[in-house]
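These are my notebook entries on one protein chain. I set out what I looked up, entry by entry.

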Amino acid sequence: MNRLKAFNSNKIFFALLFLCFTCTASANQITISEPFKRIEIGSDIEYLEDRIGSLSAEEVALFPHESFFTSTSSALGFGYTQSVYWLRFHIVNPDKLPREAFLEIDNPLLDSVKFYTRELKTLKKSFSGDLLPFRQREVQYRTIVFNVSIPPGESVHLIRIETTSNMNLPIILWDRDEFRSDKQRELAMIWIYYGIMLAMFLFGMLIFILLKDRVYLLFSLSTASFALFRIAYNGLAFQFLWPESPWWSNRSIPFFVSLSIAIFLMFSRDFLQTKRVSPALDRSLLSLATVFSGCMVMSLFTGYRFSIQMVLVFALIAAFLVIIASLLSIKRGSREAVFYTLGWGAFIVGSILNILREFSVLPINLITSWGQQMGSVFQILFISMGLVDRINTMKNEITVSHEELKKASSRLESETELLSVTMRSIADGVMMTDLKGTVLLMNRTAEMLLNADFSGKAGIPVGDIFRIEAPDAGSPPLNPVLELIETGITLDKEQRGTLIDSEGRRRNISFSITPVRDRLSAIIGAVVAFRDITEMLRIEQEILKTSKLESLATFASGIAHDFNNILTVISGNLSLIKNKSELSQPMSEMVTDTEKITFRAKDLTRQLLTFAKGGNPVKRPADLKALIIESAGFITSGSNVKIDFSLPDDLWVAEVDEGQIAQAVDNIVINAMQAMPHGGSIYISAENIDKDENGDADAEGGPFIAITIRDEGTGIPEENLGRIFDPFFTTKPDGSGLGLSSTYSIIKRHGGDINVESEPGHGSSFRMLIPALGHTMEVAREKSVEVVMGSGKILIMDDEELVLRTAQRLVGNLGYSVECARDGEEMIRMYLAAYNSGTPYDALIMDLTVPGGMGGLEAVKKLREINPSVKAIVSSGYSNDPVMSSCFSYGFCDIVVKPYDLPTLSHILHRVTVSK
């Protein structure tokens with residue numbers, strides 16, 4: 001009974017189903033009439049999207065017309081989608097007899113296609129798609145084709161489509177005879193296309209075999225891989241090459257398109273010579289070719305949709321890069337690039353049409369379907385023309401090379417003679433030996449260094465004239481030339497050693513030995529190149545000494561800075577004690593003794609700064625008479641040299657860096673003492689001159705102070721006079737060659753000049769011109785000895801607490817209101833608060849260096865952003881800092897050098913606070 005009920009239920013369901021198949025109304029109808037050849041039925045199709053793929057044919061057949069969308073295009077296209085699409089269409093056969101036809105879906109990449117039609121009250125199903133072996137297809141053709149039996153009257157047909165490829169659906173209803181004749185014509189066009197591709201492949205391989213040029217091999221492989229991609233893409237590969245492998249059929253398309261693009265990118269690099277045109281672009285093309293190689297591997301393990309979409313994205317990037325490469329090559333004058341650009345442009349246009357069709361942007365038609373094939377044909381033809389042009393270019397180059405070879409042959413004899421002349425004129429020693437170590441060739445420099453005469457001689461063993469001192473004392477000298485000939489081991493870099501010539505004399509040399517090989521790479525001799533490096537080694541030693549001196553100078557500068565801070569506290573407090581109170585006799589003696597110690601400490605600090613100082617001078621008015629007597633007397637004290645001073649009392653004041661000028665005087669006096677090892681006299685004189693009347697100095701203007709230092713020493717040979725101020729030049733075994741060169745630099749930095757006169761055996765005379773101020777030191781002292789009182793608000797910044805306290809007392813003693821800061825950040829905060837409150841500071845005294853914090857140089861930049869008219873005075877124990885020599889360039893309005901001098905400090909504060 002249950003089976004009978006089920007049977008009756010099925011009968012009712014199928015009756016309803018057939019009723020729907022035959023009676024569905026309101027849909028577009030496809031009428032078959034004579035003559036009937038082909039009908040594109042896309043615009044007469046209803047379609048339904050099944051997002052999860054759960055609907056059955058029976059359910060879809062029952063859906064009313066309103067549940068479907070009606071197509072408006074002759075070729076349906078849904079792009080890449082994960083949905084299942086149902087298509088329904090109605091065919092009207094006005095004849096009384098059934099008609100037989102083919103239904104073609106012209107997309108060979110669809111995964112699963114199910115076609116439902118009625119046949120004698122039964123629902124007939126037909127299956128196709130590239131997930132099934134090719135032999136299971138109802139019609140054995142590269143695209144999806146079904147047999148359709150069209151009964152008289154109206155019939156309804158369903159198609160279910162599911163795929164991971166692009167769902168582009170050009171659907172055509174064919175007369176069977178017309179289908180066969182049309183496909184024969186289409187196959188003829190396809191095989192013509194592949195015939196062209198095969199011809200280009202063979203053309204490239206033939207040229208590669210003849211010329212061994214890799215670019216032709218890459219051209220052939222690129223053509224072949226692209227042809228394989230097209231065969232797989234249009235379904236021919238699945239039909240003829242791998243019909244039993246649906247798995248490979250789905251993966252072959254992204255695999256071959258990745259392969260073809262990777263090879264084409266490598267071909268483009270060679271053909272366009274991108275390594276020469278643009279190395280960065282060449283690296284980009286190589287990297288992109290590597291990416292496509294990875295896409296080939298990935299296509300074997302990922303789905304078709306992900307693989308092909310990723311490949312298409314990278315393909316657009318590749319197209320952009322090769323277009324840029326071709327345009328750059330054309331700009332460089334490459335004729336081959338013109339053909340390449342024309343061909344690539346045609347292919348790009350065709351491929352873009354194909355890609356836009358893939359994503360359903362453009363409709364499916366002959367142009368969008370065959371655009372890439374036509375573009376590839378033009379591309380290959382144009383590139384082939386470029387390759388032929390490349391052959392012609394190579395032919396022309398060979399012709400030119402042949403002509404040049406003729407010219408080179410005619411010049412060979414003269415060049416051989418020229419080589420001999422060149423060998424003789426080379427500054428390095430050059431020597432050539434045969435396999436036995438016999439000298440075959442030697443230039444003039446080698447003869448001099450080896451102390452050997454090679455002219456007219458032959459058969460001299462290299463071991464007799466070129467020997468290198470062994471590292472171990474008592475061991476026989478080494479012969480590196482014979483060692484290289486015997487072992488064949490080439491020295492990786494130039495070697496140094498001590499050469500022992502034929503008479504046993506030694507000299508430092510740098511040498512390299514290179515084997516001479518024949519066409520079979522067998523060693524047939526050696527070439528030795530060597531030079532005397534004695535002077536170079538001496539200069540290296542001097543540079544090392546200079547480096548050590550610079551390190552020591554930095555250390556001395558730090559010590560001098562700390563001494564200056566100590567002296568600032570001591571001298572400042574002494575000034576306050578002497579000016580503030582009446583001292584008792586014992587107390588006065590204690591202050592006097594302390595002042596003497598302070599002066600001695602100040603002298604020591606000056607000596608340290610003189611040693612460490614460099615760069616631009618920190619100038620201030622100075623009594624050169626006292627400075628010369630002090631410096632020269634200090635240097636010669638305890639020696640066997642007597643100094644005779646001739647210095648007028650009215651010697652003008654000069655604005656100089658006392659430490660640097662003292663160093664210049666010291667260097668010349670030391671040089672004079674070294675020229676008189678057994679003692680003698682040094683005569684030092686000075687005079688005021690309005691200008692250099694002798695005209696033998698480079699200094700211009702005036703007035704000047706002329707300082708002359710003359711000795712009774714051995715004198716300077718005439719050939720050395722022009723070099724005595726050169727760095728590292730010295731004739732003394734233990735000299736550094738830096739004394740006189742530093743003296744020359746110091747005088748030049750002061751705007752003066754120095755020259756020398758000397759006669760061997762009668763001593764030397766150095767004359768220095770230093771710009772003067774035109775008045776005596778007494779005038780300067782009168783202006784600066786008096787303490788000037790003032791008023792105003794002063795902010796002092798220093799990281800040393802004792803120095804800060806001393807400076808606060810000194811400035812406060814001058815009548816000013818004083819506040820203190822420990823570093824630049826605190827000073828900025830205090831200044832900003834006072835500035836915003838309307839009670840700004842009248843002047844700032846800023847320490848230049850604050851270890852671990854913000855110093856004066858950085859702070860003054862920020863302060864000038866707050867107030868461009870800020871009055872900042874720079875202070876430092878490092879008087880050799882460039883800021884101290886040109887404070888205005890760094891935003892300061894004056895300088896005060898530690899240790900502070902109360903009269904000088906009062907004058908500076910008064911000048912700064914009253915100025916506008």
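Before looking at helix packing, I noted how axes are defined: they are lines fitted to C-alpha atoms, for helices over the stretch in contact, and angles run from 0 to 180 degrees between N-to-C directions. Helices (H or I, at least four residues) are DSSP runs, numbered from the N terminus.

**Entry: the model.** I recorded that this is a predicted model, in which local features need pLDDT of at least 70 and side-chain atom pairs count only at pLDDT 80 or more, while totals for chains, interfaces and linings use all residues. Residues are numbered from 1 along each chain as its sequence is written, and side-chain values use heavy atoms, with hydrogens and water left out.

**Entry: confidence.** I looked up the pLDDT, the predictor's confidence in each residue, from 0 to 100. The protein chain averages 78, and 76% of the residues score at least 70. For residues 1-26 the pLDDT stays under 50. It is also below 50 over residues 779-784. Where pLDDT is low, the predicted coordinates should not be read in detail.

**Entry: H6 and H9.** How far apart are the axes of H6 and H9? I found them 10 Å apart, with the helices packing at an angle of about 15°. Angles under 35 degrees count as roughly parallel, and H6 and H9 are therefore roughly parallel to each other. I then listed residues in contact (heavy atoms within 4.5 Å). Ile 253, Val 257 and Leu 265 are among those of H6 that meet H9, where the partners include Val 311, Ala 318 and Val 322.

**Entry: the core.** A nonpolar core is a set of buried Ala, Val, Leu, Ile, Met, Phe, Trp, Tyr and Cys residues joined through side-chain atoms within 4.5 Å; buried means under 20% relative accessible area, exposed over 50%, partly exposed in between (1.4 Å probe, protein chains only). The largest such core has 59 residues, and Ile 253, Leu 265, Phe 267, Phe 292 and Tyr 340 touch the most other members. H6 gives the most to this core, with 13 residues. Leaving aside neighbours within four places in sequence, I found Leu 265 in contact with Leu 285, Leu 288, Ala 289, Phe 292, Ala 318 and Val 322.

**Entry: Glu 244.** Where is Glu 244? I located Glu 244 in the loop between H5 and H6. Its relative accessible area is 47%, so Glu 244 is partly exposed. Not counting residues up to four places away in sequence, Glu 244 touches Pro 133 and Arg 135. Glu 244 and Arg 135 are 109 residues apart in sequence, yet 7.6 Å apart in space, C-alpha to C-alpha.

Technical notes:
Helix = DSSP H or I, 4+ residues; strand = E, 2+ residues; numbered from the N terminus. Parallel < 35°, antiparallel > 145°, perpendicular 65-115°, else oblique.
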